[in-house]
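Hi,

Here is the structure I promised to pass on to you. Have a look at it first, and then read my notes below.

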Amino acid sequence: MPVRRSAVVAEEGSSDALLIRRTMTEIGPDADRATSYFYALLFVRHPELRSLFPAAMDTQRDRLLKALLTAAEHLDNAPVLVDYLRNLGRGHRKYGTRAEHYPAVGECLIGALSKYAATVWNPETEAAWVRAYRTMSQVMIDAAAADELRAPAWWQAQIVTHDLRTPDVAILTVRPDQPYPFLAGQYTSVETPWWPRVWRHYSFASAPRSDGLLTFHVKAVPAGWVSKALVHRARPGDVIRLGPPAGSMTVDHTTDSGLLCLGGGTGIAPIKALVEDVAGRGERRLVEVFYGARTDHDLYDIDTMLRLQQSHPWLSVRPVIDQRTHLRFPDAIRAHGPWAEYDAYLSGPPGMIRSGIDTLRDIGIPAGRIRHDAVEERLVGAG
């Protein structure tokens, strides 16, 4: 039976919410050890679940902690929390997670919390966590079941082209084995054949195409197993896996507001998709793109963006190069505008997202009109 939204969270300031937040605060200094202990319990008590996880658990440990922190933070905000949990439930399908796995996870979660929050742990706290976990896991289970009726757990996608734009940035075009519905501005998770069960998020670099092909911009980063494999090892003909699409950095086509787009590094990929989305609908909304990079060399896709500008008079593309202007990328926005009536979109490194949000708010853009999907901050990141 579907879980009602109102049942997912306790009322603001409720005893359950307070107890759960107190637990997370207490665990804070020992978060890494608590998370490691959780997985040790899980794999000892339920060894059959080990195959659902990657061989190296560093990133997975971080994701569990972020998921718990996010749930605790939004415990009093039903719409946000339910959307977050539904995305997690859909995303868990690609790992092979089934409904019967959730009780085992809950049992070991309670075990880890009781050990590392011992000074605040009591029967009331345990009961609060049991209630919260049971309800939240049901939201994820229901979302996965509903998603199973309309979409596969993952898509196989063959690499069609592999264009190495710089020594560490590649543009990949892939062909899914079946139709892949998504919206411009969204992202997906990608698994390579070289690192099974290790998934990383990448934004779509184009709006949906009539030929069904998908494009991604990938930058190889230090210790980035998936990114390095996609940039330096992948070749046309290789097959990767794609998870379901996610993300809310999409264009609201019910308004005619201008779009102010900030893309840093490979963050220009979803910005390009948004421009194509507007163009494909025949709209003539003003679109202002600021393309940030540290050097000229990092503007690997500037020619594509300038060609789009030549084709569409409503589009303006402004490169912002740190080493040339000695100006922080978001601050360059202040030299233009006004922007108060624009919808803002940000995509790039987490630091750029954070400073960009502050700048946009300072110049009068309401928080509700600022959209971004930074991996470290997005509510679906833990999936």
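One term before the findings: angles between axes under 35 degrees count as roughly parallel, over 145 as roughly antiparallel, 65 to 115 as roughly perpendicular, and the rest as oblique. Please keep in mind that this is a predicted model, in which local features need pLDDT of at least 70 and side-chain atom pairs count only at pLDDT 80 or more, while totals for chains, interfaces and linings use all residues. Residues are numbered from 1 along each chain as its sequence is written, and side-chain values use heavy atoms, with hydrogens and water left out.

The protein chain has 11 helices and 11 strands (DSSP runs of H or I with at least four residues, and of E with at least two, numbered from the N terminus). Of its 383 residues, 53% are buried (under 20% relative accessible area, with a 1.4 Å probe and protein chains only).

Now to a pair of helices. The axes of α4 (residues 78-92) and α6 (residues 123-148) come within 7 Å and cross at roughly 55° (axes are lines fitted to C-alpha atoms over the stretch in contact, and angles run from 0 to 180 degrees between N-to-C directions). The two helices are therefore oblique to each other. Their contact (heavy atoms within 4.5 Å) involves, among others, L81, L85 and L88 of α4 and M136, V139 and M140 of α6.

Finally, helix α2 (residues 31-45) has several buried residues, including F38, Y39 and F43.

Enjoy exploring!

Key: Buried < 20%, exposed > 50% of the residue type's maximum accessible area, 1.4 Å probe, protein only.
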